[in-house]
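Reader: I have a structure to read. Please show me how to go about it.

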Amino acid sequence: MKYEKNIHSRFHGLDRVNALDIVAQHPGRFQVVALAGGVNLEKMEEQILRFRPELVSLLDPESVRRLQESLPGKFTRFLSGMEGLMAVATHPEAEIVLCALAGSIGLLPTLAAVRARKNLAIANKEPLVMAGEILLREIQENRVHILPVDSEHSAIFQALAGHRQADIHRLILTASGGPFLNTPLKELGEVTPHKL
């Protein structure tokens, strides 16, 4: 499978910044066609000027207004809210959609991307936790691929690559934080799925 023509970076935070760093390192291989962002308008303006996406989605109409005022020309179309996220997730020229929006708000745009037959680079677990059965069924029906890019997910993906499921007996992941970051070691033995 080829992942070289267009990359579509979506949502906010470190994952988008890391993806755009990779795009910048390989200018002939990738094209950013759409971006979505939250509240860091200064960073978004910098990314728009550098990558010239056709479409940008921002958190709200006020953010759109402020960014449009500060950018010269009309080379980018702006939307906001869920309408913007859905448009970014289904952009006709995108081949890969980077899904990195934290929380439940990412579910509908992620499903929309799959239904639009976009391959997913997924950096968040929420869509799979909330609707894994639905999402995986849609991925199969639409014949798209999912590539985990978050550190823990990608580590599992890479550890399993090239191995038969029957050959894997267990995987052990170490955690660097989460809800147990400051939990004393002696209390970790009492942790259960119901006792978070």
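Author: We will take salt bridges, then a helix pair. This is a predicted model, where local features need pLDDT of at least 70, side-chain atom pairs count only at pLDDT 80 or more, and totals for chains, interfaces and linings use all residues. Residues are numbered from 1 along each chain as its sequence is written, and side-chain values use heavy atoms, with hydrogens and water left out.

Reader: How many salt bridges does the structure hold?

Author: Side chains of opposite charge can pair when their charged atoms come close. The cut-off for a salt bridge is a side-chain nitrogen of Lys or Arg within 4 Å of a carboxyl oxygen of Asp or Glu. The structure holds six. One of them joins E138 and R115, with the closest N and O atoms 3.1 Å apart. E138 lies in helix 6 (residues 126-141) and R115 in helix 5, so the pair ties together parts 23 residues apart in sequence. Helices here are DSSP runs (H or I, at least four residues), numbered from the N terminus.

Reader: Is E138 buried or exposed?

Author: Buried means under 20% relative accessible area, exposed over 50%, partly exposed in between (1.4 Å probe, protein chains only). At 11%, E138 counts as buried. R115, at 48%, is partly exposed.

Reader: At what angle do helix 2 and helix 3 pack?

Author: Axes are lines fitted to C-alpha atoms, for helices over the stretch in contact, and angles run from 0 to 180 degrees between N-to-C directions. Helix 2 (residues 41-51) and helix 3 (residues 61-70) pack at about 50°, with axes 11 Å apart.

Conventions
Helix = DSSP H or I, 4+ residues; strand = E, 2+ residues; numbered from the N terminus.
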